[in-house]
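Have the structure open while you read.

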Amino acid sequence: MRHVLSNPISDVQMEFAVLRVPFFLEPHYDESKPFIESNRERLIKKWGGREGWERQKSRHDLKGRGVAAGIPHFNLDRLASNSMASHRLIQYVGKRYGLNISEALYDRLNVYYFVEGHALNDKPRLAKVSAETISQSLAKSNNNTSSQARMSEKEILEFLNGNEGRLEIENALRALNELGVHGIPKFIVEGSTVVDGAAGAETFVRIFREIEQRGEVKGTAIFKDILGVDEETLRRGSYSRESLLMEDSV
């Protein structure tokens, strides 16, 4: 996205709306516990021992893909937990403040989990980090949502301990299963083009350039109704050339 937005080839003003669809790697994890095990323990069990895990790391180049995604160091001993509460929060923030704010929170939680190693179901810690991130992101935002009241740490913790948004998450998980999506990452562009997460950057650039040259989007986000995201939220989007310029100037 950044390459296409920074290097336009037409007069079309490209913008991107990223709608995150929840997925559970370990759906059986107990929601009542802050964490279940370390990710190292989880993966060694998943791949039948240390030798199997080492083969998977080599085959999928996980470290290289992490560097490409801006995560130079994965904390292998990060705390794995149920992620229902964090998924609910991401969806709620997107609908309340806009997808650009939920993307900022998503990016922060990637660091929180993959690098810092904290559990996504450690609700007090998650509430503190989320409140700080939402406040900072709204202060920098120019999408007219910054006038809305910030969620306090207390309000976020109450949300995490509740059930709002659970039905939408469960419906999305059922829809993914019906579509045959059993692993991540996956990307659905224009509601129809499915791109596997193993695809290189050039694949995405080619798809985005085709849309840019066409001058219009053929479809829409197929999960928007399931997740309860309205057209206005999608229209405001997540990323634009202007937002990237603002980000680079900070």
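Helices α5 and α7 count as roughly parallel, because the angle between them is about 20° and anything under 35 degrees falls in that class. Keep in mind that this is a predicted model.

**The α5/α7 pair**

- The axes of α5 and α7 sit 12 Å apart.
- From α5, the contact takes in Ala-85, Ser-86, Leu-89, Val-93 and Tyr-97.
- As for handedness, α5 passes α7 in a right-handed crossing.

**α5 against α9**

- Helix α9 covers residues 166–179, and its axis comes within 9 Å of the α5 axis, crossing at roughly 105°.
- That angle makes α5 roughly perpendicular to α9, since 65 to 115 degrees is the range for that label.
- On the α5 side, the residues making this contact are Met-84, His-87, Arg-88, Gln-91 and Lys-95.
- They meet Arg-166, Glu-168, Ile-169 and Glu-170 of α9.

- Helix α8 runs over residues 153–160, and Ile-156, Phe-159 and Leu-160 are buried in it.
- Looking down the α8 axis, those buried residues fall within an arc of 95°, so they line one face of the helix.
- Lys-154 and Glu-158, on the other side of α8, are exposed.
- What covers the buried residues of α8? The cover includes α5 (84–97) and α7 (123–140), the pair we started with.

**Leu-227, tucked away in α11**

- Leu-227 belongs to helix α11, which spans residues 224–227.
- With a relative accessible area of 0%, Leu-227 is buried, because the cut-off for that is under 20%.
- Setting aside neighbours within four places in sequence, Leu-227 is in contact with Leu-19, Arg-20, Val-21 and Pro-22, and also with Gln-91, Lys-95, Glu-168 and Ala-172.
- Some of those names have come up already: Gln-91 and Lys-95 of α5 and Glu-168 of α9 are also among the residues that make the α5/α9 contact.
- Leu-227 and Ile-169 are 58 residues apart along the chain, yet their C-alpha atoms are separated by 7.0 Å.

- Strands β4 (residues 186–189) and β5 (residues 193–196) pair in the antiparallel sense, over four bridges.
- Ile-188 stands opposite Val-194 in β5.
- Three residues lie between the strands of this hairpin, and Glu-190 is in that loop.
- For background, most residues other than glycine have a negative phi, and most peptide bonds are trans.
- Glu-190 is also buried, because its relative accessible area of 14% is under the 20% limit.
- Pro-185 itself lies in the loop between α9 and β4.

**Two more residues worth a click**

- Ser-83 is in the loop between β3 (79–80) and α5.
- Is Ser-83 buried or exposed? At a relative accessible area of 11%, Ser-83 is buried.
- Beyond neighbours within four places in sequence, Ser-83 is in contact with Phe-24 and Leu-120.
- Val-205 sits in helix α10, residues 201–214.
- Val-205 counts as partly exposed, because its relative accessibility is 23% and that class runs between 20% and 50%.
- Not counting residues up to four places away in sequence, Val-205 touches His-3 and Val-4.
- The C-alpha atoms of Val-205 and Gln-136 are separated by 30 Å, with the two residues 69 apart along the chain.

How values were computed. Residues numbered from 1 in each chain as written. Predicted model: local features only at pLDDT ≥ 70, side-chain atom pairs only at ≥ 80, totals over all residues. Heavy atoms only, no water. Pairing = 2+ DSSP bridges. Helix = DSSP H or I, 4+ residues; strand = E, 2+ residues; numbered from the N terminus. Buried < 20%, exposed > 50% of the residue type's maximum accessible area, 1.4 Å probe, protein only. Contact = heavy atoms within 4.5 Å. Arc of directions from axis to C-beta. Axes fitted to C-alpha atoms, helices over the stretch in contact; angles between N-to-C directions. Parallel < 35°, antiparallel > 145°, perpendicular 65-115°, else oblique. Left-handed = near helix turned anticlockwise from the far one by under 90°.
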